[in-house]
Amino acid sequence: MAKGQVIALSGGVGGAKLALGLSRLGLDDDLLIVTNVGDDFEHLGLNICPDLDSVIYALAGLNDQEKGWGRADEGWRFMEAIGELGAENWFNLGDRDLAMHVVRTQALARGESLTQVTAAITRQLGITANVVPMTDDPVRTMVQTTDGPLAFQHYFVRDQCAPVVTGFEFDGIRQAKPQADFMAALRNPDLRAVIITPSNPFVSVDPILHLLGVRDALEATTAPIIAVSPIVGGLAIKGPAAKMMTELGMPSTALTVAEHYEGLIDGFVLDESDAVLADDIGSLDMRALLAQTVMVSLEDRESLADYVIAAVDELAP
Ligand code: FO1
């Protein structure tokens, strides 16, 4: 068993599913999950970090499986009261979820970094994997649409992904410093692998890849880099990735995702049902890998994680 850290780049729901699978392989401290912060926003005076929370709740076994975000066994009395007071109620904050946002907002207001507050929360919840934000600096994904730019949560939740997308901007990306443990792991000669989880390539993975120095470090490492397709059979398992591709004039296929990462990755895991694309993907500068990428059960999460790690060790130089 090769030693060395495994870095997983994670965005929303799909990323958290594979992160959970990876966290159950016994990697413990050798697993570093780096989450997108571009979806983060300030709402009702609270610092909301959805992609961090998707990973934290999944690894703590607290996540709501069918919604894919927030906590299970949730109450909505806070939201009822918010509505009664005529405050903004388009973004649903569950009663239990609210505690996370209050604790985090309080810690950040005390001057703690997002890394520090995330470490405290994951430790408190008994999570052994390392979970870090991609940066401790503010980066905000702006979705450019035919009706003008929208903050990510306005696009995704308030407007329910209806606006037609023309592009993306990551406000603050040029000033943002990649998170220290993330960059140290990327530059570590013992790095075992980098896994791009099945997250939206445009709004969940690209913010991480656009951080200063990250792409260079990825191109410099000898560790295998493997991406798992978030598109199966032309559809995103969750979220607007397929719709975005169509609106950007791209075929909404796993091949488009592979092309998006061409030059960066060594292997691309696509779903068995997309085997027909394997040759096209193989003709890109990467290995096409076939697996069951649709994760419904915990076993699905674990077996996909197992498969990816085995593929990593096979691709390692
Ligand atoms: N997604 C929704 O579609 N509707 C919501 O009301 C909503 C609330 C919410 C609250 C906290 C949180 O951490 C995530 C929440 N999400 C909601 C998901 C959020 O929009 C994420 O950005 C997506 O999961 C994509 O990453």
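Which atom of the ligand is 2.8 Å from an N or O atom in the side chain of Gln153? In this predicted model, it is an oxygen atom of the ligand that lies 2.8 Å from an N or O atom of the Gln153 side chain.

An oxygen atom of the ligand is 2.9 Å from an N or O atom in the side chain of Asp51, while a nitrogen atom of the ligand is 3.3 Å from an N or O atom in the side chain of Trp69. Taken alone, the ligand exposes 530 Å², and the protein buries 90% of that. As for where this happens, the ligand sits in the largest pocket.

Now for the surroundings. The ligand is surrounded by Gly12, Asp39, Pro50, Asp51, Trp69, Phe91, Asn92, Asp97, Phe152, Gln153, Phe156 and Val157. Sorted by class, this shell has 6 nonpolar, 3 polar and 3 charged residues. Two helices, α2 (50–59) and α6 (152–158), each supply at least two residues of the shell. The largest share, 4 residues, comes from α6.

If you are setting up a view of it, the C-alpha trace spans about 60 × 40 × 40 Å along its principal axes.

How values were computed
Residues numbered from 1 in each chain as written. Predicted model: local features only at pLDDT ≥ 70, side-chain atom pairs only at ≥ 80, totals over all residues. Heavy atoms only, no water. Near = heavy atom within 4 Å. Polar contact = N/O pair within 3.5 Å; in protein donor to acceptor, adjacent residues only side chain to side chain. Areas by Shrake-Rupley, 256 points an atom, 1.4 Å probe, with all protein chains shown as cover. 1 Å grid on protein atoms, 1.4 Å probe; cavity = no way out; pocket = protein on both sides within 12 Å on 5 of 7 lines; lining within 4 Å. Sits in = over half its atoms within 2 Å of the grid points. Nonpolar A, V, L, I, M, F, W, Y, C, P; charged D, E, K, R; others polar.
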